[in-house]
Amino acid sequence: MTATSNRLGLAALTALVVGSMVGAGIFSLPQNIARSAGPGAALLGWTISGLGMLMLAFVFQNLANRKPQLDAGIYAYAKAGFGDYIGFSSAWGYWICSLLGNVSFFVLIFSGLGYFVPAFGEGNTWQAIACASVLLWAMHAMVLRGIGQAALINAVVTVAKVVPIVVFVVIAAVGFRLEVFTADFWGTLSLGGLGGQLRGMMLITVWVFIGIEGASIYSRRAARRADVGRATVIGFLGVLALLMLVNLLSMGVLGQQQLAHLHNPSMAFVLEAIVGPWGARLIIIGMVVSVLGALLAWVLLCAEVLHAAAGDGTMPAFLARQNANDVPANALWLTNGLIQLFLLITLFSASTYTSLVLLGASMALVPYLFSAAYGVLVAWRGEGYADPSAPRRRDLVIAVLATVYALWLVYAGGVTQVLLSALLYAPGMLMFAQAKRQRGQPVFTPVERVIAVCVLAVSLAAVWGLWHGHLTLG
C-alpha cells in the first residue's frame, strides 16, 4: 500500500469523527438519559455538555493548527505539556476507554439482536459472547489488510447508519406530545434535585461525544493539515444536533419512567411505541450497521494511539512495528486480545451496557483534561502564534473553559468512577516502566513518582471496595 493511498481528505476525516461519535450511544440515549434527568434537566445538561465539548473541539482545532508536529493528537498534547508519564497515562486511558467502548458495542449489538434471537438476552449470555468473539476476529482480519481500506469502509457505513436515525427524528417529531414533555418537566417528583440530575447525565453525554478527537488522532495521515480542525468542528456540530433531537423528542413520546425502564437499544422501543414493531426492527438493524462502523473506527483509533506512543518510546517498542500494509499489527493484536478478555469478564460478571459506558467515559476524562490544559499553556505562552493578539486571547479563554468543563466532569463522575478508573490506570505503570528501561532512562521523575504513588493508593482503595462489596463492576 502506498503512502498516497493512506492520505485522508476532509470528507474522510469528518466521517471518522462522525463514525466514532455516532455509534452505540445514540441508540440507547432515550433510556440512559431518562434514568438520571427529566426534560428540563436534560435541556440544561445538553447546553452545558454541548458548550463544554464545543470548547474542547475548538481546543483540538487550535492545537492542530498551532502544533502541527504533534501527530498523535490527544496523547501527544498531554506528553508535550506535562511530561512522559502524563502523556503515557493519557494514551493508556484513551486506549482503555476505547477497549471498553468496543466491548460495550458488542454487548449492545447482541442485546439488539436479542429482539429476534432471545438466546442473546441483554448481549451478555454465552451465545452472545461467542458470536461477538467471531465478529471481533473477523474485523481484526479486515483491519490488518490496511487502514486506508478500513477508513473507506467506515465512510460508507457512516452514511448508511445516519438514515434510520433521521427516520426516527422525523417520525418522533410527528409523534411528539407537548403534554408528555412538560409533565414533571424538572423531574423533581421522581428524580430529586436539579444538581443531582445534571451530575447523573454528564458521563452519558461524555460517552456519546467521545470520538470528537478522531480527526486529531489521524492528523499525520491527513492530506491537508487544516482539514483536521475543520473535520472536528463540522462533525461535532452535526452529531450534537442529532443527539439532542433523539433525546428530547423521545421525552415527548414516552414519559420519564417509561423511558427509564426500556431495554436497550431504547430508541427502537420508542419508535415501536409510535408505529409498531416494524419501527423497532428498523432501528435495531440500523443500530447494528452503525455500531459495526463505530467498531471499525474505534479499533483503528486504539491501534493508532498505541503505535504513536510506542514510536517515541513512551510505550514498549514492539507496539511500534507495522505490517506490510502500514498497519500497526502488534498494537492491533494487543488491543483485540484484551477486548476478548473483557468480553469474557462481561460474561462472568454480567456487566451491562450502561456500566461499561460509565467506566469507559471515566477513563476518557484524564486525556480530555490534559489536552485542554495543554491548550491553556500553548495560548498563554503564545506558541505557534505569528501575531500574539486577539486570536491568542480568544484561544486562551476557550481553553480555560474547556479545562473547567473537564474538571466538572471528574466531579460529576463521582468517587466510584474515580476509584475504578485508578484501578485500570495502575497496571499501565508496568508498560511505562518497560519502555523507560528500553531507553535507559529513570522510570519516574520526582513529581511523577508522587503521582504514581497516589494512583496506586487509590487503586488499592478500589480493590478494597470491590473485595468488601462497596464497589461493583456490573
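This report describes the fold, the core, the charged pairs and some local features of a predicted model.

**Overall make-up**

The protein chain is built with 19 helices and 0 strands. Of its 474 residues, 59% count as buried. The accessible surface of the protein chain amounts to about 17600 Å², and 70% of that surface belongs to carbon and sulfur atoms. Among the contacts in the protein chain with a separation of 6 or more, 83% are accounted for by residues 24 or more positions apart.

The largest nonpolar core has 157 residues, and the members that touch the most other members are Ile-26, Trp-46, Phe-168, Trp-207, Phe-236, Met-315 and Tyr-368. Helix H14, which covers residues 277-311, supplies the largest share of this core, namely 19 residues.

Phe-168, when residues up to four places away in sequence are not counted, touches Val-246, Ser-250, Met-267, Val-270, Leu-271 and Ile-283. Ile-26, for its part, is among the buried residues of helix H2, and that helix, spanning residues 25-34, is mostly covered, with 10 of its 10 residues buried.

**Salt bridges**

The structure holds 6 salt bridges, and the table sets out three of them with the separation of nitrogen and oxygen in each.

| Salt bridge | N to O distance |
|---|---|
| Asp-395 and Arg-66 | 3.8 Å |
| Arg-381 and Glu-383 | 3.4 Å |
| Asp-395 and Arg-394 | 3.1 Å |

In the salt bridge between the side chains of Asp-395 and Arg-66, the pair links distant parts of the chain, with Asp-395 in helix H17 (residues 390-425) and Arg-66 in helix H3 (residues 39-66), 329 residues apart.

Is Asp-395 buried or exposed? Its relative accessible area is 7%, so Asp-395 is buried, whereas Arg-66 is partly exposed, with a relative accessible area of 22%. In the salt bridge of Arg-381 with Glu-383, Arg-381 counts as partly exposed at 47% relative accessibility, and Glu-383 is likewise partly exposed, with a relative accessible area of 22%.

**Cysteines**

A disulfide is a covalent bond between the sulfur atoms of two cysteines. How many disulfides does a search of the whole structure find? The search finds 0 disulfides. Cys-97 counts as buried, because its relative accessibility is 0%, while Cys-131 counts as partly exposed at 33% relative accessibility.

**Backbone features in two loops**

Most residues other than glycine have a negative phi, and most peptide bonds are trans. Against that background, two places in the backbone deserve a look. The peptide bond from Asn-264 to Pro-265 is cis, with omega near 0 degrees, and Pro-265 has its place in the loop between helix H12 (256-260) and helix H13 (266-275). Asp-184, a residue other than glycine, has a positive phi, near 50 degrees; Asp-184 is found in the loop between helix H8 (178-182) and helix H9 (194-209), and this residue is partly exposed, with a relative accessible area of 26%.

His-470 is found in the segment after helix H19 (446-467). With a relative accessibility of 56%, His-470 counts as exposed, because this value is over 50%. Which residues does His-470 touch, not counting residues up to four places away in sequence? They are Trp-464 and Gly-465. The C-alpha atom of His-470 is separated by 9.2 Å from that of Thr-416, and the two residues are 54 residues apart along the chain.

Definitions and conventions:
Residues are numbered from 1 along each chain as its sequence is written. This is a predicted model: local features need pLDDT of at least 70, side-chain atom pairs count only at pLDDT 80 or more; totals for chains, interfaces and linings use all residues. Side-chain values use heavy atoms; hydrogens and water are left out. A disulfide is a pair of cysteine sulfur atoms within 2.5 Å. Buried means under 20% relative accessible area, exposed over 50%, partly exposed in between (1.4 Å probe, protein chains only). A nonpolar core is a set of buried Ala, Val, Leu, Ile, Met, Phe, Trp, Tyr and Cys residues joined through side-chain atoms within 4.5 Å. Helices (H or I, at least four residues) and strands (E, at least two) are DSSP runs, numbered from the N terminus. Contact means heavy atoms within 4.5 Å. Accessible areas come from the Shrake-Rupley method with a 1.4 Å probe; for residues, only the protein chains shown count as cover. A salt bridge is a side-chain nitrogen of Lys or Arg within 4 Å of a carboxyl oxygen of Asp or Glu.
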